[in-house]
Structures are given as C-alpha cells and as structure tokens.
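Open your viewer and get ready to click around. We'll go stop by stop, with something to select each time.

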Amino acid sequence: MRDESPIPLIFKAISVITLAMLAIPVVIVVLAGLNAGDYLTFPPQGLSLRWVISFLTSPTFLSAYGISFLVAAISTVISTVIGAMAALFLTRAGGRVVAVLRAFFMMPIVLPGVVLGLALYVFYVSSGIGLARSLAGLVIGHVIVTCPFVIATVTAALVGFDRSLEEAARSLGASPFAAFRLVTLKIISPAISAGTIFAFIISFGQFEVTLFLSTPNLQTLPMAMYVALRYSFEPTAAAAGIFAIVLVVISMVATSRLVNLKRIFGG
Amino acid sequence: MSDIHLKNLVKSYGENIAVAGIDLHIRQGEFFSLLGPSGCGKSTTLRMIAGFIRPTVGQILIGSDDVTRLPPEKRDIGIVFQNYAIFPHMNVADNIAFGLKLRKKSHEDIDRAVAFALRQVGLVGYENRYQRQLSGGEQQRVALARVLVTEPRILLLDEPLSALDKALREEMKYWIKDLQKSLGITTVYVTHDQDEALTMSDRVGVMQKARVEQVGTPQEIYERPKTLFVTTFIGQSNVIDVTVRGRQGERLSVDFGDSTVLTRAPVAEVSVGSAAKLVIRPENVIIGAAGAGLSATVVSETYQGALVRYRLSVAGQEIVAERQNQAHLARFSPGEVVGVSWDPDRSEALVA
Ligand SMILES: Nc1ncnc2c1ncn2[C@@H]1O[C@H](COP(=O)(O)OP(=O)(O)O)[C@@H](O)[C@H]1O
Ligand SMILES: [Mg+2]
C-alpha cells in the first residue's frame with residue numbers, strides 16, 4: 001500500500017500548465033531582450049547585453065521609464081489615501097446609498113480601459129479645464145484605475161476588523177482620531193501597503209487609458225514599447241520589458257513580506 | 001463617589017426596542033450583575049454606560065456627574081469585552097501601558113504601574129508576548145490589567161467568562177470576584193449564566209425583554225422571585241396552577257386540587273377566587289410517607305449522584321422534587337403513593 005496523495009494528479013497537472021503559461025511570456029521577454037541579433041526574434045540568435053545597453057542609453061525609453069515611474073508614484077500615493085478613506089467609509093457607513101457607492105467605486109475594474117480612456121479624453125478636451133495632454137490629466141486617469149484595488153484590499157481588512165479594539169482604545173482614554181491612528185490604522189496598515197503596491201504595479205503597466213491621455217512628450221513605458229514595436233522591430237522594447245519585470249518582481253516580494261506580517265499580527 | 005444611576009434609560013432602533021426604560025441604582029463598590037437571556041438588552045445597557053451607545057431617552061449619572069452626553073474617553077470607565085479586545089499589534093506590556101501613555105504619564109510611572117498590574121493579575125514574565133501567544137484566560141487577565149492600571153471609577157464586564165472552558169470559568173469566577181472585592185471598584189457584570197450571577201454578585205438585576213424584572217441580592221432573587229420569569233430563569237421551579245382562597249397576613253391560602261395549602265402572599269393585591277401560580281423549588285418539596293401532606297404518586301425516579309430527582313403526580317399536576325442522596329433518606333419507586341409537603345415560607349404565590 002502507498003499513501004494517497006492529498007492532491008489529485010489532475011490538479012497538479014493544471015497547476016503546472018498554468019504556471020508555465022504565466023512564466024513563458026516572462027521568459028520570452030527576458031530572452032528576447034538578451035538577444036544578440038538585430039530583430040526581435042525567438043528563440044534568440046545568441047545572448048548579449050546589446051539591447052539592454054541600447055535601452056539604458058535610449059533617451060526615449062529612459063524618459064518613458066521615468067515618466068511611468070513618476071505617474072505610478074504620484075497616482076499610487078493619491079489612490080492610497082483616497083482608497084483607504086473610501087474603504088473606511090464604505091465599511092462603516094450604513095444604508096442603501098453605500099451599496100450604490102461601493103458598486104460605483106468598483107466600476108473602473110469592470111469598465112473596459114478603452115471606454116474609460118475615451119471618456120476621460122473627451123471630457124478633458126471638451127471641458128477645456130487644461131487637463132488634456134497634461135501630467136495631471138494622466139495621473140487622474142491612473143488614480144481612477146488603481147483606486148478600486150486599494151479599496152478592495154483595505155475593505156477586506158476592515159470587514160474582518162474587530163470594532164471592540166477601537167472601543168477598548170476609546171474607553172482607555174483615546175479620542176476617536178487617536179483610537180484610529182493607534183489601533184485601526186496600525187492593524188490594517190499591511191493591507192494598505194499591499195493595496196499601495198498593487199496600485200503601483202497596475203499604474204506602471206497601464207496601457208488602455210494611457211493610450212488616450214499621453215502625448216509624445218508624456219510617454220509612459222508601455223506606450224514607448226508599443227510605439228517602438230510599431231515602427232521598428234528592435235529588441236530594445238524587450239530589454240525595457242526586463243526592467244519593468246524587475247520592478248514588478250521587487251514590488252511583489254515586498255507585498256508578500258507585508259502579507260506575511262499581516263498574518264503574524266493576526267489582522 | 002462612583003455609584004451609577006440609570007434613569008429611565010431607553011434605546012430603540014427604529015421599531016426595535018433594545019432597552020425599554022431602565023431605572024437602576026448601582027451602589028458604590030458593589031458587584032452588580034445584569035442577568036438575562038440572550039437578546040434581552042444587557043449589552044446595550046452596558047454599552048450605554050460605557051458611552052458607545054447614545055441612549056434614545058434617559059440619563060446616566062456616575063456619582064453626581066451626568067455622563068449621558070460624554071464620549072467614552074471622558075467617562076473614566078474600564079470595560080472588558082467578551083473577546084477581550086487585546087491589541088494584536090502590541091505586546092502585553094504595551095497593551096497595559098496604552099491608557100497610561102494616553103494620560104502622558106512618565107516612563108518610570110508607566111513601567112512601575114505595568115509591573116504592578118502584571119503582578120496583580122499573575123502574569124509576570126508575559127510582558128513581551130502577543131495576543132496570539134496567550135490563552136483565553138491569559139487574555140482576560142491582560143484585558144483586566146489594561147483597564148485597572150488606569151484606575152477607572154467603574155468596571156464593566158460583558159460576558160467575560162463565556163469564551164472560556166468550564167474549568168477555567170469556575171476558577172476565573174472567584175478570581176474576578178476576589179480582585180473586585182480587594183479593589184472595591186463599582187462593577188457592572190453582564191451575563192446570561194445564573195451561576196455566575198449568583199456566585200459573584202452583591203446584587204443582581206434580572207432582565208427580560210428589554211426590562212429589568214427584579215433587582216435583589218442573589219438570595220432574594222433565588223428565594224423570593226417576584227415574577228414567573230425570574231423563578232423559571234433562575235434555577236428550576238415547579239409552577240402549579242392554583243386558585244386563591246384568602247389572605248391570612250403574610251400567608252395566602254390557595255386551593256390545589258381538593259386540598260388547601262398555605263404559601264407566602266405576594267405583595268400585590270389578589271382577589272379571592274382568582275387564578276394564581278404556586279411556585280416551589282424542587283429542593284423544597286418534602287416527600288414523606290403517604291398521609292403526610294398531599295397525596296402524590298411517584299412517576300419516575302432519576303439518580304443524579306449527589307441528588308435524587310423525583311417526578312410526582314399531585315392532583316393531576318406534575319411536581320418535581322429533589323432530595324439529597326443520603327443513606328438515612330428512604331428512596332421511592334415509581335407507582336408508590338407518597339405524601340408531599342413544603343414549608344409555606346419556601347413557596348410563592350405569583351399572579352400570572
Ligand atoms: N445596532 C442594532 N440595531 C438593531 N437592533 C439592535 C442593535 N443592537 C442590538 N439590537 C437588538 O437589541 C436587542 C438587545 O441586544 P443586546 O443588548 O445585545 O442583548 P444581550 O446583550 O442581552 O444579548 C436585541 O434584540 C438585538 O437584536
Ligand atoms: Mg450581549
């Protein structure tokens with residue numbers, strides 16, 4: 001007799017296939033970026049750092065990387081603050097209005113990015129309030145897209161949050177604000193950080209909304225990669241992809257750390 | 001002074017009335033329990049005293065201060081929750097120091113007070129533990145220490161033992177009571193467990209359906225219940241249908257089947273011929289030889305170790321009797337005809 005494996009073989013097979021499907025594009029991009037040949041081909045014709053160097057010396061790509069980083073950083077900060085406050089409101093306020101508001105806040109997740117981008121573009125241009133083709137306009141677009149992710153993660157933490165912790169703090173002499181700052185905020189902070197990192201990753205890779213709001217001198221990395229591939233088939237875009245992946249991996253590692261912390265604290 | 005006055009306290013949630021007008025005086029230094037079934041409004045009452053719920057109507061005084069409109073942090077009240085609410089992101093020492101830090105005490109004062117509190121609750125050496133490293137009983141001690149270091153005027157406890165296993169519950173019952181007594185702190189204790197209320201309290205307020213039905217010492221509550229609800233909720237009682245025959249001073253004579261028996265008279269006026277309930281605790285029913293008292297037939301006998309329990313049929317109604325299981329007391333078997341009696345002072349007549 002041998003022990004039955006607790007996980008059926010079919011599940012294991014599906015997991016392996018899924019993992020492969022997730023990993024293969026990453027491997028392809030990395031290998032393509034390290035290609036020694038002249039064109040974006042796969043499998044690569046030998047390995048070299050030729051296109052990595054080309055990325056690091058390309059004013060277009062470097063500035064796009066910088067803009068993406070800047071836009072992601074600003075919109076993440078704004079999304080985190082707004083999203084955390086919205087989550088707090090949505091979990092604590094009662095009534096029918098709140099249910100409607102919750103659906104409303106989550107809309108950007110389900111709304112196709114092109115629709116949202118088009119809507120913002122038309123609004124910016126026709127309202128003439130100076131947001132068209134501006135950094136501010138682009139950041140607003142990214143805040144709208146990333147905010148729901150912060151709301152979702154923070155809400156998840158707040159739904160399970162034991163209100164008697166706040167009450168205990170109040171009874172021990174804390175003002176409502178002090179109780180929030182010293183207890184609630186501390187306990188949900190891993191969730192807020194996780195939301196922040198999600199927001200950053202999503203903003204950094206955002207394409208559809210950006211397509212409508214960026215201009216040649218306000219080009220994000222995904223836009224630059226797209227444009228580069230349309231006009232030349234150089235592997236620089238793939239090299240840029242390597243740097244994008246590195247940034248995302250760093251963020252993911254940071255997230256998993258925070259999520260672990262959350263478990264230790266017992267949320 | 002830190003006695004508590006609740007004056008016509010009402011809390012309603014729309015149609016739903018959680019507390020329907022409570023008037024109570026909880027005395028300085030007393031251990032007062034609010035006892036009642038789940039949903040009767042105990043927690044709502046406690047949370048109004050703590051300041052988490054604003055009463056719809058009524059007034060709360062602590063000493064001579066009207067605190068009805070004060071937020072919880074201004075009331076100087078310590079509360080221990082059912083789940084203890086230990087801050088999970090702080091260790092035991094920081095949990096206990098929380099209230100003192102808010103009061104801007106010096107480092108030395110805080111350290112001294114925390115060390116003292118840890119000794120008081122028997123948790124020396126637990127300073128650096130976190131909530132997830134503490135058992136239920138230990139969490140409860142931390143919750144008490146955290147509250148007591150701030151020297152509150154009032155201590156509130158909401159079902160603090162219900163999350164513990166039975167053995168620990170027994171131990172903590174006496175421990176909390178002793179601690180309360182040694183501190184002399186005015187305490188309001190909420191529970192649905194009559195054992196806890198009777199064992200720990202100086203006085204008990206029995207609640208039902210958003211109201212306080214009776215207030216008294218554990219003995220008064222148990223031995224002189226004023227309502228049918230109180231007599232059936234606390235311990236067990238035989239409730240027998242009788243007809244009022246007449247009042248004789250402190251006594252009331254009632255017709256029970258073909259016989260007339262005496263019982264303690266209710267305070268309220270009762271008219272001759274009206275229906276009433278005769279209430280007797282099983283341990284007060286005396287079983288003797290046939291002919292002594294009312295004639296009864298033994299329906300069943302249940303052996304319970306220290307006690308033997310009999311179901312008896314008396315004039316068509318069932319009476320339960322409990323006797324100590326002692327060698328010199330005779331046992332009866334089903335079908336046997338026996339005599340049943342009781343001390344009139346150990347029975348109550350209640351008007352339904
Ligand atoms: N926030 C609320 N909204 C509506 N009804 C409530 C609320 N809080 C309590 N109640 C109701 O008030 C009654 C008393 O509740 P509670 O004081 O918690 O009872 P207990 O502590 O005695 O079990 C219950 O019927 C409960 O459903
Ligand atoms: Mg309750």
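**A first stop in chain B**

Select B:D345: at 35% relative accessibility it counts as partly exposed, because buried means under 20% relative accessible area, exposed over 50%, and partly exposed in between (1.4 Å probe, protein chains only). Before we move on, some ground rules: this is a predicted model, where local features need pLDDT of at least 70 and side-chain atom pairs count only at pLDDT 80 or more, while totals for chains, interfaces and linings use all residues. Residues are numbered from 1 along each chain as its sequence is written, chains are lettered from A and ligands numbered from 1 in the order in which they are written, and side-chain values use heavy atoms, with hydrogens and water left out.

The side chains of B:D345 and B:R251 meet in a salt bridge, 3.4 Å from N to O. The term stands for a side-chain nitrogen of Lys or Arg within 4 Å of a carboxyl oxygen of Asp or Glu. B:D345 sits in the loop between β19 (337-341) and β20 (347-350) of chain B and B:R251 in strand β12 (residues 251-256), so the pair ties together parts that are 94 residues apart in sequence. Helices (H or I, at least four residues) and strands (E, at least two) are DSSP runs, numbered from the N terminus. B:R251 is partly exposed too, with a relative accessible area of 27%.

What does the backbone oxygen of B:D345 lie 3.0 Å from? It's a polar atom of the side chain of B:R264. Select B:R264 and you'll be in strand β13 (residues 259-264) of chain B. Is B:R264 buried or exposed? It counts as buried, at 13% relative accessibility. Leaving aside neighbours within four places in sequence, B:R264 is in contact (heavy atoms within 4.5 Å) with residues including B:E223, B:E250, B:L252 and B:D345.

Jump to B:R309 and B:E322. They form a salt bridge, with the closest N and O atoms 3.0 Å apart. B:R309 lies in strand β17 (residues 307-314) of chain B and B:E322 in strand β18 (residues 317-324), so the pair ties together parts that are 13 residues apart in sequence. B:R309 is buried at 18% relative accessibility, and B:E322 is buried at 16%.

**Over to helix α7 of chain A**

Select residues 163-171 of chain A. That's helix α7, and 8 of its 9 residues are buried, so it is largely enclosed by the rest of the structure. Among the buried ones are A:L165, A:E167 and A:A169. What covers them? Show α3 (59-92) and α8 (176-205) of chain A, then α1 (42-50), β6 (77-80), α2 (92-102) and α4 (136-148) of chain B; the cover includes these.

**Where the chains meet**

Zoom in on A:E167 and B:R47. Their side chains meet in a salt bridge (2.7 Å, N to O). A:E167 lies in helix α7 of chain A and B:R47 in helix α1 of chain B, so the pair joins two chains. A:E167 is buried, with a relative accessible area of 16%, whereas B:R47 is partly exposed at 22%.

Now colour the whole interface: 19 residues of chain A are in contact with 23 residues of chain B. The area buried between the two chains is about 1,900 Å², with 64% of it from carbon and sulfur atoms. Buried area here is the accessible area (1.4 Å probe) that two parts lose on being put together, summed over both. How many salt bridges does the rule find across the interface of chain A and chain B? It finds 2. On the chain A side, α7, α8 and α11 (236-265) each supply at least two residues, and α7 gives the most, with 7 residues.

**Last stop: the domains of chain A**

Colour 1-48 of chain A as domain 1 and 51-264 as domain 2; such bounds come from an automatic or database domain assignment. Their C-alpha centres lie 28 Å apart. The area buried between them is about 890 Å², and carbon and sulfur atoms give 75% of that. In domain 1, select A:V29, A:G33 and A:L40: they lose the most area to domain 2, together 52% of what that side buries. The salt bridge count between these two domains is 0.

Conventions: A polar contact is a pair of N or O atoms within 3.5 Å; within protein, one must be able to donate a hydrogen and the other to accept it, and residues adjacent in sequence count only if both atoms are side-chain atoms.
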